[in-house]
Amino acid sequence: MVEIKLRCFLLALVQAQSESQQPKIQLRLAGNKRKHYEGRLEVFYNNEWGTICDDDFSILAAQVACRELGFLGAVSWSPSAKFGQGEGRIWLDNVHCTGREKSLAECPSNGFGVSDCRHSEDVGVICNQKRIPGHRFINTMNNNVETLEERVEEIRIRPISSHLKRIPVTEGYVEIKERGKWRQICDEEWTPLNNRVVCGMYGFPGEKNYNNKVYKSLSMRKKKNYWGFSVNCTGNEAHLSSCRLGKPLELKRNGTCGRGLPVVVSCVPGRAFAPSSSTGFRKAYRPEQPLVRLRGGSNIGEGRVEVLKNGVWGTVCDDNWNLRAATIVCRELGFGSAKEALTGAKLGQGMGPVHMNEVECSGFEKSLTDCYFNNDALGCSHEEDAAVRCNIPAMGFQKRIRLSGGRNPYEGRVEVLTEKNGSLVWGTVCSENWGMVEAMVVCRQLGLGFASYAFQETWYWAGDASADNVVMSGVRCSGTEMSLPQCLHHGKHISCPKGGGRFAAGVSCSDSAPDLVLNAQLVEHTTYLEDRPMYALQCALEENCLSSTAKKNDHSSYRRLLRFSSQIHNVGRSDFRPKLGYHAWTWHECHRHYHSMEVFTHYDLLSLNGTKVAEGHKASFCLEDTQCDEGIQKRYVCANFGEQGITVGCWDTYRHDIDCQWIDITDVKPGDYIFQVVINPNYDVAESDYSNNIMKCKCRYDGYRIWMYHCHTGELQKKNCVEVLPGQFKSH
């Protein structure tokens with residue numbers, strides 16, 4: 001027994017000596033990174049930062065590096081300087097790890113500084129974004145290796161008691177959790193730039209001054225527990241983990257430091273999150289027209305980045321896209337700093353031009369359009385559209401709603417928490433007029449992505465019996481709301497004739513959705529007039545594709561038709577499928593085909609004040625992939641009663657010469673009008689963006705000819721003009 005203990009002691013002694021002989025290093029993630037947990041892997045050794053060569057590097061080495069950086073592990077690694085070429089020494093080459101090492105310094109290699117590589121071979125890693133509990137939170141980037149053992153878990157803004165009920169929390173003490181204990185930060189060397197970074201992390205675009213007397217008074221009465229370091233930020237960091245760790249602080253015997261005050265921040269919320277004394281958060285946020293917008297995101301504060309230039313919305317190419325540029329976008333739109341700078345059209349592909357490429361920001365610009373960028377986007381396609389996910393304030397919306405009875409967390413009966421007789425109770429939502437737009441708001445509030453279905457009956461989901469009573473009715477949403485209570489509803493005066501229970505509202509959510517966009521230029525270029533005899537329009541008459549006066553005409557009379565082609569693209573992230581399955585499709589004997597959606601598009605001719613003067617509609621008798629982008633296979637073909645839909649990256653074309661692809665303008669007088677097409681007008685199928693489902697053109701009709709010009713989808717576009725005569729077809 002004594003011999004075994006002696007062996008264990010000697011083994012531990014040898015191991016301790018071995019660890020003490022290991023060179024002390026520090027790691028950081030640098031370069032053109034888009035997230036704080038990825039980047040070029042750099043090593044601080046011998047008072048100098050350097051890189052690591054990708055020769056023999058493996059996922060096992062990446063695991064060791066990520067854990068050393070405080071993350072749970074590695075997701076992947078990247079060779080060939082994916083995150084940009086570093087500078088200085090290449091410290092490590094031919095690194096071989098088993099994956100069990102505590103530090104990259106323990107892995108066998110050629111030795112520090114022994115390498116035959118160039119910086120074009122610098123290795124990068126992508127770590128698991130979750131951190132190891134108890135590991136340091138702030139990088140020791142002041143090159144002081146003596147601070148490597150600091151352990152910081154998380155950061156919070158702790159409000160004083162008089163501010164506890166304020167949502168969101170915008171002001172309070174900045175505290176750091178170290179080894180399980182919350183500690184305050186001494187305000188010595190703390191700057192407004194540090195405030196800017198902290199506020200950005202918590203979803204606020206700016207910071208402001210606060211009443212120092214209140215906090216000074218509180219500080220004198222309460223015992224302080226300071227963290228032992230200062231923090232130095234430049235102000236353009238997206239995350240406090242990118243700031244430098246300052247020098248260790250010398251605390252006085254009474255526990256005070258410097259001026260003796262803990263750090264306090266006061267943040268300015270964006271307009272969408274700013275409380276109003278009169279309406280609170282009931283009124284939905286209606287954004288003003290900015291030069292930058294986000295599209296295709298399921299949650300507020302995320303989406304594909306689009307910029308307005310010369311009246312045309314376009315996208316941003318992801319070349320050099322990083323957290324700094326993404327943060328400018330987030331702050332410009334009233335959010336905090338960026339959580340992620342997404343590339344590769346991860347939030348859907350846009351349409352139109354690519355306005356910006358190789359964007360470079362300092363981090364202090366007021367708008368993305370103030371950053372340096374390359375106008376030349378040659379080689380950039382919409383497969384490279386940049387996107388962002390921004391930090392937003394914690395509003396607590398998710399705590400006041402839940403889905404109950406579903407087969408998985410993404411579906412169920414909608415139950416909301418509301419106040420009744422002075423206490424909070426759970427209840428259901430009346431399903432009368434419940435639709436896809438309302439379901440979208442629920443899924444957004446829960447952070448579950450997009451709605452895929454809206455249910456007006458939920459008898460097959462056995463929800464919480466104690467929550468059967470209806471507590472919200474008359475819900476009508478615009479789609480911009482962050483939570484269901486922000487939608488119009490009856491308030492305390494509940495009116496639900498069907499009652500709750502089996503008729504309570506329900507939803508099914510999904511992390512992706514399709515997005516249909518009409519090709520406006522094709523409509524403009526294919527418009528023409530045709531005078532067609534009634535005897536050739538009997539099927540169209542049967543399907544209500546003509547105006548009501550056509551029923552009084554004899555077979556020898558003519559109808560004047562405004563014809564055009566429509567090309568509908570799916571630029572979303574999932575396929576567009578009809579709401580109904582095969583069994584519910586409607587057979588139309590005259591045309592001898594099935595309608596999977598009775599109303600797929602609305603065609604309207606409006607007066608300049610918006611009054612309808614003529615209208616038409618198109619049923620989706622054939623939703624299919626007419627053509628697709630290169631490399632994408634067609635999945636949907638209507639022939640032989642096949643599956644209907646539009647694949648992501650494909651488009652469905654309705655040619656000008658098929659039935660009902662027109663508006664009957666026989667009774668329309670000469671004048672100036674607005675031509676409008678609306679896709680999926682009843683919101684029967686969920687989409688990531690309904691705002692681009694509307695296309696409008698200006699048109700002039702003189703009784704013989706029609707001019708179609710200034711066609712645009714959703715927003716203003718450049719003006720063009722096309723003149724066509726009856727019987728003519730304008731080729732393109």
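Predicted model: local features only at pLDDT ≥ 70, side-chain atom pairs only at ≥ 80, totals over all residues.
I started with burial: of the protein's 732 residues, 52% are buried.

Next I looked up the secondary structure, and I got eight helices and 42 strands. I also checked how far apart in sequence the contacting residues sit. Of contacts between residues at least 6 apart, 70% join residues at least 24 apart.

Then the cores. Which residues touch the most other members of the largest nonpolar core? I found Leu562, Phe576, Phe600, Leu605, Ile665, Phe675 and Met695, out of 32 residues in that core. Among the elements that each supply at least two residues to this core are helix 7 (520-526), strand 39 (671-679) and strand 40 (694-701). I followed up on Ile665: leaving out residues up to four places away in sequence, Ile665 touches Leu529, Arg560, Leu562, Leu605 and Tyr701. There is also a second, separate core of 30 residues, and Trp321, Leu323, Cys330 and Ala386 are included in it.

Last stop, Asp385. I located Asp385 in the loop between strand 20 (372-374) and strand 21 (387-390). Is Asp385 buried or exposed? Buried, and without a salt bridge. What I do see is a polar contact of 3.0 Å between the side chains of Asp385 and His382. Beyond four places away in sequence, Asp385 touches residues including Arg304, Thr315, Val316, Leu342 and Gln349.

Note on methods. Residues numbered from 1 in each chain as written. Heavy atoms only, no water. Core = buried A, V, L, I, M, F, W, Y, C linked by side-chain atoms within 4.5 Å. Buried < 20%, exposed > 50% of the residue type's maximum accessible area, 1.4 Å probe, protein only. Helix = DSSP H or I, 4+ residues; strand = E, 2+ residues; numbered from the N terminus. Contact = heavy atoms within 4.5 Å. Lys, Arg positive; Asp, Glu negative; His and termini not counted. Salt bridge = Lys/Arg side-chain N within 4 Å of Asp/Glu carboxyl O. Polar contact = N/O pair within 3.5 Å; in protein donor to acceptor, adjacent residues only side chain to side chain.
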